[in-house]
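Biologist: I would like to learn how to read a model like this one, feature by feature. Could you take me through it, starting with the charged pairs?

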Amino acid sequence: MGNDKDILLVEDNPDDEALTLRALKKNNVTNRIVVARDGVEALDWLFGTGQHTGRDSSTLPQAILLDLKLPKIDGLQVLQQIRANSLTRLLPVIILTASDEETDIVNSYSQGANSYIRKPVAFDKFVQAVQQLGLYWLVLNEAPPAPRN
């Protein structure tokens, strides 16, 4: 499942990162996974700035798996900046978080999230959620054409 396009995983918790990577591998997701551990690193990678200066920012990920509770810049602020930029505004952004706060769900969708998935505690349920996520976002979903400069 998947292709040669990257998936950007934005996750600050090492246990949740390992769990997500394990679930993706278990579901045969073959995309390269780029991990950003805070909001600044995610934006730097996407836009080729900061520690990722020189990265070809026209090479966009297939999808972004975005946690909300992040250091430096939180997930909603990352989402706002993604949606505000003409090169990234159409990228699929899947909120993948432990939060079940109604305000987080509402704010995520109102800021332009494509999907909101609450991380289940049980690994088997999480693997199942990742399988469905992978099937839809990496195989079935038709991505928008690359933006033209």
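Modeller: Gladly! A salt bridge here is a side-chain nitrogen of Lys or Arg within 4 Å of a carboxyl oxygen of Asp or Glu. With that in hand, look at aspartate 104 and lysine 69, whose side chains meet in a salt bridge at 2.9 Å, N to O. The pair links distant parts of the chain, 35 residues apart: aspartate 104 sits in helix α4, and lysine 69 in the loop between β3 and α3 (75–84). Do keep in mind that this is a predicted model.

Biologist: Aspartate 104 and lysine 69: is each of them buried, exposed or partly exposed?

Modeller: Aspartate 104 counts as buried, at 9% relative accessibility. Lysine 69 counts as partly exposed, at 49%. The cut-offs explain the labels, because buried means under 20% relative accessible area, exposed over 50%, and partly exposed in between.

Biologist: How many salt bridges are there by this rule?

Modeller: The count comes to 4. As a general idea, side chains of opposite charge can pair when their charged atoms come close. Another of these pairs is arginine 37 with glutamate 17, at 2.9 Å from N to O. Arginine 37 lies in the loop between β2 and α2 (39–47) and glutamate 17 in helix α1 (residues 14–26), so this pair ties together parts that are 20 residues apart in sequence. Glutamate 17 is buried, with a relative accessible area of 11%, while arginine 37 is partly exposed at 41%.

Biologist: And which residue forms a salt bridge with aspartate 38?

Modeller: That is lysine 72, with the closest N and O atoms 3.5 Å apart. Here too the pair links distant parts of the chain: aspartate 38 is in the loop between β2 and α2, lysine 72 in the loop between β3 and α3, and 34 residues separate them. Aspartate 38 is buried, with a relative accessible area of 10%, whereas lysine 72 is exposed at 67%.

Biologist: Let's step back to the fold. In what order do the elements run from the N terminus on?

Modeller: They run β-α-β-α-β-α-β-α-β-α, which gives 5 helices and 5 strands in the protein chain. The chain has 149 residues, and 47% of them count as buried. Sequence separation is worth a look too: of the contacts with a separation of 6 or more, 66% are between residues 24 or more positions apart.

Biologist: How should I read the sheet?

Modeller: Strands of a sheet pair through backbone hydrogen bonds, either parallel or antiparallel. In this model, the open sheet of 5 strands has the order β2-β1-β3-β4-β5, with parallel pairing. β2 (33–36) and β5 (115–118) stand at the edges with a single partner strand each, so one side of each is left without a neighbour in the sheet. From one strand to the next, the twist averages 20°.

Biologist: Could you show me one pairing in detail?

Modeller: Take β3 (residues 63–66) and β4 (residues 93–97), which run parallel and are joined by 3 bridges. Among the residues involved, isoleucine 64 has valine 93 in β4 as its bridge partner. Helix α4 (residues 102–110) lies across β4 and β5, and runs at about 155° to β5.

Biologist: Is α2 enclosed by the rest of the structure or left open?

Modeller: 7 of the 9 residues of α2 are buried, so this helix is largely enclosed by the rest of the structure. Gly39, Glu41, Ala42, Leu43, Asp44, Trp45 and Leu46 are the buried ones, and their cover includes β1 (7–10), β2, β3 and α3. At the start of α2 we meet aspartate 38 again: one of its side-chain oxygens reaches to within 3.0 Å of the backbone nitrogen of valine 40. After α2 comes glycine 48, with a positive phi near 65°.

Biologist: Last one: what does the side chain of serine 108 reach?

Modeller: First, the general idea: an α-helix has 3.6 residues a turn, so residues three or four places apart point the same way. Serine 108 is in helix α4, and its side chain reaches the backbone oxygen of aspartate 104 at 2.7 Å. Serine 108 is buried, with a relative accessible area of 0%. Leaving aside neighbours within four places in sequence, serine 108 is in contact with Leu68, Leu76, Leu79, Ile95, Ala113 and Tyr116.

Definitions and conventions:
Residues are numbered from 1 along each chain as its sequence is written. This is a predicted model: local features need pLDDT of at least 70, side-chain atom pairs count only at pLDDT 80 or more; totals for chains, interfaces and linings use all residues. Side-chain values use heavy atoms; hydrogens and water are left out. Helices (H or I, at least four residues) and strands (E, at least two) are DSSP runs, numbered from the N terminus. Buried means under 20% relative accessible area, exposed over 50%, partly exposed in between (1.4 Å probe, protein chains only). Contact means heavy atoms within 4.5 Å. Two strands pair if DSSP finds at least two bridges between them. Axes are lines fitted to C-alpha atoms, for helices over the stretch in contact, and angles run from 0 to 180 degrees between N-to-C directions. A polar contact is a pair of N or O atoms within 3.5 Å; within protein, one must be able to donate a hydrogen and the other to accept it, and residues adjacent in sequence count only if both atoms are side-chain atoms.
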